[in-house]
Amino acid sequence: AQVSSLASGSTPGLYFQQASASMRIATTFVLISSASQETCDSPNPPCSGDETCCEDPAGWECCVNQATYCVAPRGGFATSTCCPHWTVGCTVGSVGCCDPATPWQLVGQSANATEGKRKHMLGVKEFADFEHAPAADAQVAYALFVAGTFTQALTALTIDVNTGVVSARKTIAGPAKQYMDKLYGGSTRLFAWEPVSSKFVFVDSDRTAKGPDFPLQLFTIDPVTGESTSVDVSGAKGYPSGIAYDEAAKALVIGVQTSTTAEFYAVDLKTGAATSMGSVARGADESSKSFYAAYISHAHNGQAVRVGHAAVTAGQDPGVSTTTLGESASTKWADPALAANHGLPVTVHTHPAGGFVSLAPLSGAGKLDVVSWDSSTGKADIVAALNNSNVPQAYQTGPLGYVGAHVQGSTFSSLSVSLGTAPYGLGDKWAVATVDLSTKKVVQSTLNPQPSALGANAASLSGFGIPAATEVVV
């Protein structure tokens, strides 16, 4: 029997579990046995003070308040599900928690969760930190992982993108570590990357505080030292449904929504002060193309882009929404420009020659290739076919997690999973790929060492980026 509980991505930042996957997924939940009379309304409630008990006729699960909310059974998902706050409960995909800005589940592959009494548990750190001098010609990127077997640790890896050699691993300390403790080792969505300071940045609401207006906090993470900082955000409130760093505007953009509007803010990375970037009316329901405008796939030059489905709950009507930010903000919807035999992109970055460059799945196979596309012209091309590049896979569940990408100069770099042949995914490995967008030359390498000894799905990706000072040559 399979259960999905999420306190991430998600991995896709995400907190999912299944009974047979206890060795596989960096998650915050596991299935355990429980007395049949134990229910959410029993004299001894099963969940702790920082959780919400999420019950259905088949059992219950504990949703970690900081990261998840309870979604009732729907469609083929016969049990309730703890879905991440940045996702929407849906009737499609591998786990029924759909990210409106990242269609990572490769919609069409569905699961059916049927039973369970579910609690989260803490874990242990799998690897010790290390640091070696990178090779003289190393071209460095940084990645954040929630790595290990039921681990709490968020770790930063220093990676040579042309060889896959990992020269350093740092366990993140400071406020970001305290934030991760509230997730009980669960995975996250992808954090934004600020390439000039070479730091990961993100905003989240502190749901351990007293609501209903949970305070917002800005976090920065230095992958070189492992240190982090936090500061309260002023001038904005609400849950940050969308987060992206606009390199052209040099602004961390967040999208929050009310029942009627999607509001956008630029957050100062030093002070946490939020400045309004305008708002748009959401409309009444998914028939409005701006209903999910606050969810952001990519931000560039004052525009917030969402690639996904208009009807997120059913995985229907794919397209691209572009919100032009400012005092008179407005959202436009366009049909997707899909490369031949490929689906919706699972990463989005601005192409230096115009339009966008992305990882997109090969239809029917799920393997990821590098594609260029422009919804304004309808043109799309396959830039490079990658070898064995995939979204993380969970045993007997399917796609479960995020992949990363970054564009530096004329080079596209990505971090995805190379699937192995060992049972239970133990042979799956995280791998880096670089593609020269001018010459189309491709270099692919598996990470060495890996974030986890138990396979790629025991290490969920939380961020990927390349410093602005790095000139990547493929």
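Serine 167 counts as buried because its relative accessibility is 8%, where buried means under 20% relative accessible area, exposed over 50% and partly exposed in between, with a 1.4 Å probe and protein chains only. The model is predicted, so local features need pLDDT of at least 70 and side-chain atom pairs count only at pLDDT 80 or more, while totals for chains, interfaces and linings use all residues. Residues are numbered from 1 along each chain as its sequence is written, and side-chain values use heavy atoms, with hydrogens and water left out.

Serine 167 belongs to strand β12 (residues 166-171); strands (E, at least two residues) and helices (H or I, at least four) are DSSP runs numbered from the N terminus. Beyond its neighbours within four places in sequence, serine 167 is in contact with Phe130, Glu131, His132, Pro134 and Thr158, contact being heavy atoms within 4.5 Å.

Another buried residue is threonine 434, with a relative accessible area of 0%. Threonine 434 sits in strand β33 (residues 429-436). Residues up to four places away in sequence aside, threonine 434 touches, among others, Val161, Asn162, Phe412, Lys441 and Val474.

An open sheet is made of four antiparallel strands in the order β13-β14-β15-β16, where two strands pair if DSSP finds at least two bridges between them. Its edges are β13 (192-194) and β16 (228-232), each of which has a single partner strand, so one side of each is left without a neighbour in the sheet. On average, neighbouring strands here are turned by 25° against each other, direction ignored; the axes are lines fitted to C-alpha atoms, for helices over the stretch in contact, and angles run from 0 to 180 degrees between N-to-C directions. Within this sheet, five bridges join β15 (residues 216-221) to β16, and glutamine 217 stands opposite aspartate 232. The loop between β13 and β14 (199-205) holds serine 198, which has a positive phi of about 60° although it is not a glycine. Serine 198 is buried, at 16% relative accessibility.

Three bridges join β21 (residues 298-300) to β22 in an antiparallel pairing, with histidine 300 opposite glutamine 303. Two residues separate these strands in a hairpin, and asparagine 301 in the turn has a positive phi of about 55°. Strand β22 (residues 303-311) is mostly covered, as eight of its nine residues are buried. Eight bridges link β22 with β23 (residues 316-324), again antiparallel, and valine 305 faces threonine 322 across this pairing. The hairpin of β22 and β23 has four residues between the strands, with glycine 315 at a positive phi near 65°. Aspartate 317, in β23, also has a positive phi, about 65°, although it is not a glycine; at 33% relative accessibility, aspartate 317 counts as partly exposed.

A cis peptide bond, with omega near 0°, leads from asparagine 448 to proline 449. Proline 449 is placed in the loop between β34 (442-446) and β35 (459-465).
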